[in-house]
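Q: How does one read the contacts between the chains of an assembly? Please take it one feature at a time.

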4 protein chains.
Amino acid sequence: MHSKVQASVALENKRVEVREFDFPAIPIDGGLLKVEKTGVCGSDWPYFLNYPKSKGPLILGHETVGFVSAIGANAGARWGVQEGDRVTLEEYLPCGHCTYCRSGRFRLCDATDTLIGNGIRYGSTSISVAPSLWGGYSHYQYLHPNAVFHKVPPHVPAALATLALPMGNGLEWVCFQGRAEIGESVVIQGPGQQGLACVVAAKEAGASCIMVTGLTADHHRLSLARELGAHHTIDIEQFDLLETVAELTGGHMADLVVDCASGGPSTIVSAIQLARKGGRVLLCGRKGRPVPEFDSDLLFRKNLTLKGLRGHSYEAVEMAMQIIASGRYPLEKMCTHTFGLNEVENALHTVGGEGERNAIHCCVDPWL
Amino acid sequence: MHSKVQASVALENKRVEVREFDFPAIPIDGGLLKVEKTGVCGSDWPYFLNYPKSKGPLILGHETVGFVSAIGANAGARWGVQEGDRVTLEEYLPCGHCTYCRSGRFRLCDATDTLIGNGIRYGSTSISVAPSLWGGYSHYQYLHPNAVFHKVPPHVPAALATLALPMGNGLEWVCFQGRAEIGESVVIQGPGQQGLACVVAAKEAGASCIMVTGLTADHHRLSLARELGAHHTIDIEQFDLLETVAELTGGHMADLVVDCASGGPSTIVSAIQLARKGGRVLLCGRKGRPVPEFDSDLLFRKNLTLKGLRGHSYEAVEMAMQIIASGRYPLEKMCTHTFGLNEVENALHTVGGEGERNAIHCCVDPWL
Amino acid sequence: MHSKVQASVALENKRVEVREFDFPAIPIDGGLLKVEKTGVCGSDWPYFLNYPKSKGPLILGHETVGFVSAIGANAGARWGVQEGDRVTLEEYLPCGHCTYCRSGRFRLCDATDTLIGNGIRYGSTSISVAPSLWGGYSHYQYLHPNAVFHKVPPHVPAALATLALPMGNGLEWVCFQGRAEIGESVVIQGPGQQGLACVVAAKEAGASCIMVTGLTADHHRLSLARELGAHHTIDIEQFDLLETVAELTGGHMADLVVDCASGGPSTIVSAIQLARKGGRVLLCGRKGRPVPEFDSDLLFRKNLTLKGLRGHSYEAVEMAMQIIASGRYPLEKMCTHTFGLNEVENALHTVGGEGERNAIHCCVDPWL
Amino acid sequence: MHSKVQASVALENKRVEVREFDFPAIPIDGGLLKVEKTGVCGSDWPYFLNYPKSKGPLILGHETVGFVSAIGANAGARWGVQEGDRVTLEEYLPCGHCTYCRSGRFRLCDATDTLIGNGIRYGSTSISVAPSLWGGYSHYQYLHPNAVFHKVPPHVPAALATLALPMGNGLEWVCFQGRAEIGESVVIQGPGQQGLACVVAAKEAGASCIMVTGLTADHHRLSLARELGAHHTIDIEQFDLLETVAELTGGHMADLVVDCASGGPSTIVSAIQLARKGGRVLLCGRKGRPVPEFDSDLLFRKNLTLKGLRGHSYEAVEMAMQIIASGRYPLEKMCTHTFGLNEVENALHTVGGEGERNAIHCCVDPWL
């Protein structure tokens, strides 16, 4: 047994180093999680590029699965868990008492808002904020009083369980926010782990024509999209996107378009073109720059609804864990890579497109 | 009694001329409306600029109030009206059997879509399409089998009744699409007749902080906005818009922002900035060009919903007529100008900002 | 070719006789359907018991599939079909212009309301109303100007296509009105054709625990329920219903309960007991008498929503036809019996439980 | 200053006695509220009749307004309040981590469910549960870690502030659950404080025809209903209820019916009759016995939605406090009686119809 907690700390200039931290004192309403595995989120890459500089060194990783290894006297009743429970955490640390928290939209709570507000959340909080252990690329993660837990059944492999948040995003976006319905046509732009989670969500919602777009280099991801239930995949370097969708939908175009693509704003423009009159477009990724060709008149003419979406609700993550545990999708094929604590730099570069190839969902196993 | 129908025909180069047409034969499922008054819609200006050239000469005007003066044998049962009834018409001529029509969203029907599709509708159809009388700036308007009617109570002045469509838009946008709720903060950008209709709608929805923005030259419109129920008006040439809204809402910003402004895309940018996290932004006006500063990341960060909106539902117009008839708002103050059939050119220039000053809602009385 | 239309006319005292009618004149906005097959609805039995006495002789049958064999000059544009098209009809003949029709809820239109109002509809209108041919148990059915059509793909067997309305009911109830969601627990009481349609709808909605209840005599229907996707079936003569559902749901009880059972009000009482706090209960069948044990306090204590439901929306029937045409459920196993025009009495007695055994969905083929 | 807490304890046989309790130790995540005033809820009467027997002596009262007088070190961050804050509490003590709590429906949380579950909540928990001070008819009320707070502006009289929960109920029922819309017809059965709160809610929602029913003895309450905005009141002992509503709505009947009446199930029967096709009926009161005439077929025929409702959401109470604080309704006229700590027995008998006459909303001021 270690007398210190080992964790991988993200530094400036896309560097990482393993450091040791003291085990934190367990407050009466807090606790400690022994990490099994932590998924690498697509957002870890921009976090890695920006946060060490703006916030100081930090432990990234917020798709954590593990066991409650210590728990304060008051924490169990508050969290609904006990020592030894196997759980996955959400990234949010919501205050619990604001209007957003009280009405089920705690992901918007200021206390945990690191983009607009000044909050803290798992995987994006500096080690200078005590007790430092805010990320999942670590042997242990601190359990804050406001942590949000989901139970993980024992038969689910840890790597699969780390899909709970991306899969929860897919369900939140496609089902709860996008209101995909039985028989609808859905285009999903970008076959990364988020796009693939959206395929599963669209399938669950009963969509009868699920189309996934990607580049030629994405062929293995597009192939997996079909295995997960997509009816069609479109290589946009080989085929005209609008024409293809028009043909596949009998000219109707898409009821719902989900933009999960990274790499610039052009997919927003195509998303708006792909939607039918009265349709819905979901923007699920940061673009990093304005969209100069944005044609608001097309929104107006087609009576479109455009939603910027980020994160998930509690119910979506519960639903995700149920789907993962059911085994009815070959989700294990999404779990392509596992990295040890010493390999977190590689893990991050991989998710940023600068490391291992053909990666979809990567995990860090801090005990490797 | 005239033996011909006199109508004001819009031509290229912003010109209009009164022409005579034969009374049309009344088909078994059609009819004829004797026009009382027709409202001048803000969209008449771009129609005037573009349609005579692209479609040929046409009779503009689609906010028509009048009496059913002739009716085919089968038309009454189909329309739910009889000869002599006082009615207002919607601009749409929906097919009645497509999915949009069958599900209550007939404004999206291809048969009446003149922007995306090739449909016909009142006030934007060429006189080359028989029987020519498709617009309200005329003694008589043709009643197509697919026309959509609303009854007008006898005590309502015709000028007020021509507000049914703009008021219906306001209710559709703010209440049905924007889901304004009791106690919410609403910013309405642009104090034209549509913006003022949105004030009434927000008032009806129970919004507790209604803010209307305008230019210094709009001071009389802003004053009317307050009479209609706006809690605050903001002259954006005198005050910093974002700071003012922040102050008026205690830092919360707006739950709902409605962009009814004409004159370029800058109000879209401010609309997105004015919305609170999880808020809603409605784009209710054509801009005519892209929005180069459009920041999709702000939508994403703030979990915003953006809706492009055009037109109204049947229920919204029914609701509008009920509110107009109730007399509980001083809507007669919106009705600033009435033009005769020979003055339609002036009416159109006025709504385009090139004619009479201080106009809000203008009417054409074809019998003047 | 016949010079007369043969049709099976329902008379008092549960009798039926085949009569001949003149071919009707085709009005400009009407037409004629050559019937392929017509499904026998559960409601045909109470209609059979009551309507010949209260309304006079009539042609029952409203789940009709056929070909448009004659069409008035104005009807095609109105209906969106042309001569020769293969279609299925809804039972409704909505006026088209009331608030219900204009807002997509035309099934509530007074013009077609035969229970509350005085309307006409297919399959429940007297032959004394010209031109008599209002029902599907006939060689030809009159196409009223207000008829509602759905296209039937050529590859779908006619018997399957007659499932469009019951399947549309299931989708309307479970999905649109019941808002069944991914991962929910659904109890369906009564494994008749409506209950089985609800199984398909719940499956499409992503329900993860679908339970169907029935009697011991229903064992073949319960078996088919499992083939269609039910996770569990419960013989309520062998097992305690509440205990079984509690066990199957881990004590959670059902998110949604659909009461499709005939035979008295006791299933309403159990439906309310089976729902979890905040759950939903759908009453989808006429009971014919009050529910003396109805405990409104249980609704109050559990914050339940109870909906009385009858019929379907246009979208639900479109969705149904898409699912039928997809072939992804073994719906042909529901189609157990086909009767000729001379056997309509047997068909009706069968659906009333007094004729053939083990029937689920029966059809009349008027050309047999 | 007292060295003991004085509180009014409800006992069996409709008796009450003032007792003294030790000041409780303040736990790290708890606190103490100095009560200003506590409203008397209609449910206090059945609680008074049943709970002392089934649960042992208890302090009733859950519509409490007061000042935070002591607060544990961890409680402020958890509650969003600090010592000295003026607040009103909800009756619920939700766990915070179950699906209901995480999705904004914490009123359904098992931890606070005293009707179906075994939970605790304010105003209905035995003094045998430490630290006894669970009710508002007391100098001080214990602040449990899971308490739910709303801020009370300083200018609002305490008696008015105790209307936050009944007014929150009205908003929850009529607006959030009943989805009352602009221009709708609403019948409210029973002009008690809940019925009157529903009048305000219907007014805020924009209902254009609000009808309140009552008995001849309710004439002062019906008069107040009109002052609050009801368009019509109906003395059901003088007028035929169905005929009157038919007349007032032009035969349309009510879009929404809210049953707030006590005294047996007959109002449920009339509520269902009063609703139009496709309408909604809200059951907002416990009846204590079955409804033998309950006609489920009428629900079926009219496509009605019936909701059993109890309690409120957080947003509804926030909205209620905003409306109370706005001063735009003469709510002070609802506040008819204030009782001292020694008069709680009278207060309870009054709300049960056995004490003071003409009472609407009563308060207990424990310092009188």
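The dialogue below goes through two interfaces of this predicted model.

Q: How much area do chain A and chain B bury between them?
A: Buried area is what the two parts lose in accessible area on being put together, summed over both. For chain A and chain B the figure is about 3,400 Å², with 56% of it on carbon and sulfur atoms. On the chain A side, A:Lys277, A:Phe300 and A:Asn303 together supply 22% of the area buried against chain B, more than any other three residues.

Q: How many salt bridges are there between chain A and chain B?
A: The rule asks for a side-chain nitrogen of Lys or Arg within 4 Å of a carboxyl oxygen of Asp or Glu. Between chain A and chain B the count is four salt bridges. One of them joins A:Lys277 to B:Asp110, with 2.7 Å between the closest N and O atoms.

Q: In which sense do S13(A) and S13(B) pair?
A: Look at the bridges between the two strands. S13(A) pairs with S13 of chain B, residues 305–308, in the antiparallel sense over three bridges.

Q: What rotation superposes chain A on chain B?
A: Read the angle together with the shift along the axis. For chain A and chain B the rotation is 180° with 0.0 Å of shift, and the RMSD is 0.0 Å. A:Pro292 is the residue of chain A that comes closest to the axis, its C-alpha lying 1.9 Å away. The interface residues give a further check: 100% of those in chain A are also interface residues in chain B, so the copies meet through the same surface.

Q: Turning to chain B and chain D, how many residues does that contact take, and how much area is buried?
A: The steps are repeated for this pair. The contact takes 15 residues from chain B and 15 from chain D. About 1,100 Å² is buried between them, 52% of it on carbon and sulfur atoms. The count of salt bridges between chain B and chain D is zero, and two residue pairs are in polar contact, both at pLDDT 80 or more. On chain B, the elements that give two or more residues to this side are helices H5 (164–177), H6 (193–204) and H11 (314–326). By class, the side has eight nonpolar, four polar and three charged residues.

Q: How are chain B and chain D related?
A: Again, take the angle and the shift. A rotation of 180° with 0.1 Å of shift along its axis superposes chain B on chain D, at an RMSD of 0.0 Å. The two copies are therefore related as by a two-fold rotation axis. In chain B, B:Ala205 comes closest to that axis, at 3.0 Å for its C-alpha. Here too the copies meet through the same surface, because 100% of the interface residues of chain B are also interface residues in chain D.

Note on methods: Residues are numbered from 1 along each chain as its sequence is written. Chains are lettered from A and ligands numbered from 1 in the order in which they are written. This is a predicted model: local features need pLDDT of at least 70, side-chain atom pairs count only at pLDDT 80 or more; totals for chains, interfaces and linings use all residues. Side-chain values use heavy atoms; hydrogens and water are left out. Buried area is the accessible area (1.4 Å probe) that two parts lose on being put together, summed over both. Two strands pair if DSSP finds at least two bridges between them. Helices (H or I, at least four residues) and strands (E, at least two) are DSSP runs, numbered from the N terminus. Copies are superposed by least squares on the C-alpha atoms of residues with pLDDT of at least 70 in both. Contact means heavy atoms within 4.5 Å. A polar contact is a pair of N or O atoms within 3.5 Å; within protein, one must be able to donate a hydrogen and the other to accept it, and residues adjacent in sequence count only if both atoms are side-chain atoms. Ala, Val, Leu, Ile, Met, Phe, Trp, Tyr, Cys and Pro count as nonpolar, Asp, Glu, Lys and Arg as charged, and the others, Gly among them, as polar.
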